[in-house]
Amino acid sequence: MPAFTTRPEILGTFGVVASTHWIASAVGMSILEKGGNAFDAAVATAFVLQIVEPHLVGPGGDMPALVYSKKKDKVEVICAQGPAPAGATIEHYKAEGLSMIPGDGLLATVIPGSFDGWMLMLRDYGTMSVRDVLEPAIYYAEQGHPVLPRVAATIAGMAEFFQKEWPTSHATWLPGGSAPAPHSNVKNPVLAETWKRIVAEAEGKKGREAGINAARDAFYRGFVAEAIQTYLDKAEVMDASGSRHKGVLSAEDMAGWSATIEEPLTYDYHDWTVAKVGPWGQAPVLLQCLSLLKGFDIGAMDPAGADFVHTVTETMKLAFADRDVYYGDPNFCDVPISHLLSDAYADERRKLITGTASLDLRPGTVPGFEKQVALTMNLLNADSATGAVYEPTMAHLSEKRGDTVHIDVIDREGNMVSVTPSGGWLQSSPTIPGLGFCLNTRAQMFWLTPGLPTSLEPGKRPRTTLTPSLGLYQGRPTLAFGTPGGDQQEQWQLSFFLRHVHHGLNLQEAIDLPLFHTAHFPASFYPRTREPGSLIAEANFGEPVLDALKAKGHRLTVSDPWTIGRLTAARRDADGLLRAAATPRLMQAYAVGR
């Protein structure tokens, strides 16, 4: 008998779509059915996710994507992570009385990047028009969709705050003055009109490419940017600091920026090559973990056993410590990524992994970076409070925090997309009047201490947590995977990848196994707390495994079964067989295909 899985691994040859909401996955599949390719499907899926998971992603957010184009025959990164505005200086924020950038409000905003990224994907890789990919989102914004219980709870939890401090958000999410009931029909007619106007601007030009460029102009140099500027000129709103602040983003900032295409960072692991975004995100953490794990016989370990969980957790602690010391926008700082991924460095770091859980934050010291290590550690030891902070798809989160979504698509030609859009959560920032969406809060990942890779500077990209993955098997693009979850993204993806690669588990089997993560290192999100030695694991590991982990010194928190992680994945085998899977956790994500 094959192993029981919560859902079948989807198999087909025509196309597969996996995302964190069933409606969005169905929309992506409908685009493939209409003759669109994987890139068209990913764009349409993403805009629908902004409607059906507005507490996790919005139009004012950001987006990194890993794409494989069969036509180009190469893996590339689309960077739609907006940088800090011209007015976002350490001096300005300190003059506002801040020692840390708040996690919500207007000062936490960077240039909204996702829209330009989606239009770049559509123009340079897709085949469809702006209307084609926006029509499904317009439909759900205008006609309504069954609101998720978690969205309804988020809105209800914010109702009093919205009414008192962010009245534009109150008008958007509590029309008539009351929060929506779970599964009731929720609409966003103002956002529908915004997208209709974008479509009209696109159709005012002749030709597909000219229309897409017109849509980009409308957002960044037209009516959208103007509406944002008009609001920010007067708005001064309450944020997590306990005070009211004005934003620093301007229409001029938006007009001068556009998404870019970059080369991926890659690492070879056994027969696989894993492609990730660069060190302007946390993505190299997964690659560093693989370099360390090369020295262990992972395949000999029970993939749901204590040795596996312990070894992976201790590995992640080391890689994340390096993240906090070395990673940042390489346009602004020297990131010694070759050294961090070298065999010699991994050999030395691996010696720190023993049979006992570490309670210390232990970055490595790269020659020439000694002062940077000392400065960072002084900051982290002074400013990182204890007390775990997580992304709010888990039960113990503050409803005011946002999270993320994920999309994987592969079409019959072999085009592949792995993308993790986020930001612009309904609870993160006030709704912009006349647009129906809010801005992002990604600037909270900057520090207000000068001299660090992640120090706030105008034009610098925040060191994002968003980290899609694309795997090549024996050089052939094969696997797209990812998950929401902030600092947990690399952690959950690593377990999934190891279980798939070493233990022969299919995509759904690997996703269904119990999950775990640590909050040992400082969180990327305000208020940057940490929980030394922590390990959070699902109860379905079973008492013997959990007891063994406690015996190894892990400060264990046992979560309810099926409550950690939101993984999705898609795969294309050498013979053209397509596979897809999605987590049953939260009962939202879905994989479809044929």
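This is a predicted model: local features need pLDDT of at least 70, side-chain atom pairs count only at pLDDT 80 or more; totals for chains, interfaces and linings use all residues.

Visitor: Okay, how many aromatic pairs does the structure hold?

Guide: There are 21 aromatic pairs. Rings of Phe, Tyr and Trp (its six-membered ring) pair if their centres lie within 6.5 Å; planes under 30 degrees apart count as stacked, over 60 as edge-to-face and the rest as tilted. One of the pairs is phenylalanine 219 with tyrosine 220, which is tilted, at 4.8 Å centre to centre and 45° between the planes.

Visitor: Are phenylalanine 219 and tyrosine 220 buried or exposed?

Guide: Both phenylalanine 219 and tyrosine 220 are buried. Buried means under 20% relative accessible area, exposed over 50%, and partly exposed in between (1.4 Å probe, protein chains only).

Visitor: Why is the pair of tryptophan 425 and phenylalanine 525 called tilted?

Guide: The ring centres of tryptophan 425 and phenylalanine 525 are 6.4 Å apart and the planes are at 45°, so this pair counts as tilted. Tryptophan 425 is in the loop between strands E13 (416-419) and E14 (469-473), and phenylalanine 525 is in the loop between strands E16 (516-517) and E17 (534-538), so the pair ties together parts that are 100 residues apart in sequence. Those labels come from DSSP runs, numbered from the N terminus: helices are H or I with at least four residues, strands are E with at least two. Tryptophan 425 is buried at 4% relative accessibility, and phenylalanine 525 is buried with a relative accessible area of 4%.

Visitor: Which residues form one aromatic cluster?

Guide: Phe47, Phe115, Trp195, Phe219, Tyr220, Trp257 and Phe437 do.

Visitor: What sits over the ring of tryptophan 447?

Guide: The charged end of arginine 528 does, 4.0 Å from the ring centre. Arginine 197 likewise lies over the face of phenylalanine 223, at 4.0 Å from the ring centre. A charge sits over a ring if NZ of Lys or CZ of Arg is within 6 Å of the ring centre and within 35 degrees of the ring normal.

Visitor: Switching to helices: at what angle do H1 and H2 pack?

Guide: H1 (residues 22-33) and H2 (residues 38-52) pack at about 150°, with axes 8 Å apart. That makes H1 roughly antiparallel to H2. Axes are lines fitted to C-alpha atoms, for helices over the stretch in contact, and angles run from 0 to 180 degrees between N-to-C directions. Angles under 35 degrees count as roughly parallel, over 145 as roughly antiparallel, 65 to 115 as roughly perpendicular and the rest as oblique.

Visitor: And where is threonine 45?

Guide: Threonine 45 is in helix H2. At 0% relative accessibility, threonine 45 counts as buried. Threonine 45 touches Val17, Ser19, Ala24, Ser25, Gly28 and Ile407, leaving out residues up to four places away in sequence. Contact here means heavy atoms within 4.5 Å.

Visitor: Last one, where is proline 477 found?

Guide: Proline 477 is in strand E15 (residues 476-482) and counts as buried at 12% relative accessibility. Proline 477 and valine 75 are 402 residues apart in sequence, yet 8.0 Å apart in space, C-alpha to C-alpha.

Conventions. Residues are numbered from 1 along each chain as its sequence is written. Side-chain values use heavy atoms; hydrogens and water are left out.
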